[in-house]
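Reader: I'd like to learn how to read a model like this one. Can we go through it feature by feature?

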Amino acid sequence: MNTDFKYGFWGYFRFYYSILGSRLYLFIALNILVGLLDGVGLALFVPLITMLFDSGAAGSGSIGNVKYLSDALAALNIPLNMSGILLVVALLFSVKGLIRFIQMQFFFRMRFLFIKKIRAAMLQQLNDISYSGFLQLDAGKIQNNLTTEISNLFASMSGYFYTIQYAGILITYYLLAFAANFQFATLVIISGVLSNLLFKKVFSKTQKLSGDVSQKGNFFSSFLIQAVTHFRYLKATNYFKRYLKKLRTVVDETEQLNLKMGRLQALSEGMKEPVAIIVIGTVIYIQFRFFPGSNKSTILVSLLLFYRSLSQLSLLQTSWQHFIQNTGSVRSVTRMIKQMNQLREPPGTLQEEPADIGSIELTDVAVQYDTMTILENVSLSIPLNQTVAFVGESGSGKTTLAHVIIGLIPPTSGSVLIGNRSIETMNLPSYRDKIGYIAQDPVVFNDTIFNNVTFFAPPSPENNARFRNAVRDASLETFIASLPNREQTHVGDNGIYISGGQKQRLSIARELYKNCSLFVLDEATSALDSATENSIQQNLDLLHGNRTVIIIAHRLATIKKADIIYVIKNKTIQARGTFDTLSRESELFRNMIAAQQY
Ligand SMILES: Nc1ncnc2c1ncn2[C@@H]1O[C@H](COP(=O)(O)OP(=O)(O)OP(=O)(O)O)[C@@H](O)[C@H]1O
């Protein structure tokens, strides 16, 4: 997909072409064919008019250069009488109907391909961007671009190509009009071009407004996502009312812009016919006033064609307006695609990472967010299948350190080796296949318990058995047994139908089901009562010696069995050792224990 194009007529063509390829040519060809059939069908009325004017045979009158049409009919042995001509016209318009049917079908097929292709590409990009890249994006922008803006993108394309179709029809009419009476047609065209300058201003204003509407759409989506995600909190505190004001302001501003665009559309709609009629009226006046000897029958044919072209011109202007109105979406989507491309995670090697991740070694690691240093001089080692814990006060950088180890955040400096290989060169998706991550905020999807735990694996005897083991080890068995629909129970948006502790257990069960080599438990049991926490702890202890486990915990009682505890303070590791060693040798650790005893 070519997103590096100039925002001009050919630039847009190149962009649409990069998505649909040579299908576009077929679409244009069908459009032109429809236009041509329409024009020729209409032109066949010319011999009819000749017949009426000259009250003789259609071929005998003088009707400018259009006479060749009646000659062509004669050559095809079609009788040059009213019924013969009408029959041919009916046939031509029937063929046009058929082509139009094919063209419409093709149009919808292109719409299907267009949206599918862009959406699939953008979803793939979302999968490919790095976590630090993702932090630079905005949820509302992503959502708005993937839904509303993509549909608008297609609307821009259809506006663009319908404009070409109507232009094709218009050109056919104009050529015929020129053939009938050159002088008259020239005057109409010159005046038409002049009057079009009026519309140019309207179009350029619309184009600017279209960009603003897209941007506002991003804001609105962002606010809306947050309102829905935090609905419970906003309701409980009655903050929704205040939030609503924010939402209303964005809606109001967006609709004000749409209103302005609507006014411009109304203006161009309203102007179209009067301007065209004034143009033709003036030309007729000039023609008869200054060239009294003009051939009236040729002017009549020319007029008929211009009159008919009025509706095509109106359709052309509407399509162009439609295209212009949606160019803001094209700019928004292509900018986002470009940005997402730049934020891609480095590909690393293609080879699969081994099931055993090996030992983890960090040397002199530093992490900065912008100019703020979060960690520095961090060196640590996590031997294979050992359990380590990171402790330290809130905001000391424990989660950040875990993110460095699982390759979510690249260190600003220093080296990270996983199984003796630099993390920079690793196949990160394959590495993460082996990682179980229980985040501070439990991650729960709006689906059934079974799907949440198995992550949408199909039910099978093997998966069902794995599911049962996982929910047993996460102490969820009794809870599930108490539900009328058991594991088929839906947990609601963000797990709104279940308790905080149940959400935590559900996310633990999912990682246990995944059967990983490396587990990161970031405050994984903080919302549980002591009895449930103990029971899960016993099951997690079974991982000890079999899997590598990183525990981040404030409650020091939960890390007593860790092989190594790293104490983080002032951006670096201040002490390390087992619980007993640290209790004896580290004043910092003793103070932390003391702070938890009451
Ligand atoms: N994306 C980010 N951009 C800027 N600063 C960030 C970002 N993420 C975290 N930080 C900052 O990095 C510091 C360390 O955060 P981190 O989440 O690693 O701490 P933590 O020790 O896990 O805290 P807690 O125990 O409260 O979870 C904090 O000061 C935080 O504000």
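Reader: Does F161 count as buried or exposed, and why?

Author: First, the ground rules: this is a predicted model, where local features need pLDDT of at least 70, side-chain atom pairs count only at pLDDT 80 or more, and totals for chains, interfaces and linings use all residues. Residues are numbered from 1 along each chain as its sequence is written. A residue is buried if 20 or more other C-beta atoms, placed from the backbone, lie within 10 Å of its own, exposed if 12 or fewer, and partly exposed in between. F161 counts as buried because it has 20 C-beta neighbours inside 10 Å. You'll find F161 in helix α7, residues 139–180 (helices are DSSP runs of H or I, at least four residues, and strands are runs of E, at least two, numbered from the N terminus).

Reader: What is F161 in contact with, beyond its neighbours within four places in sequence?

Author: Contact means C-beta atoms, placed from the backbone, within 7 Å. On that basis F161 touches F27, I28 and N31.

Reader: Which residues of helix α13 are buried?

Author: An α-helix has 3.6 residues a turn, so residues three or four places apart point the same way. In α13 (398–405), the buried ones are K398, L401, A402, V404 and I405. They sit on the same side of α13 because they cover an arc of only 155 degrees around the axis, taken from the directions from the helix axis to the C-beta atoms.

Reader: And what is the strand order in the open sheet?

Author: Strands of a sheet pair through backbone hydrogen bonds, either parallel or antiparallel. Here four strands run β2-β1-β4-β5 with antiparallel pairing, where pairing takes at least two DSSP bridges between two strands. The edge strands are β2 (372–382) and β5 (421–422).

Methods
Contact = placed C-beta atoms within 7 Å.
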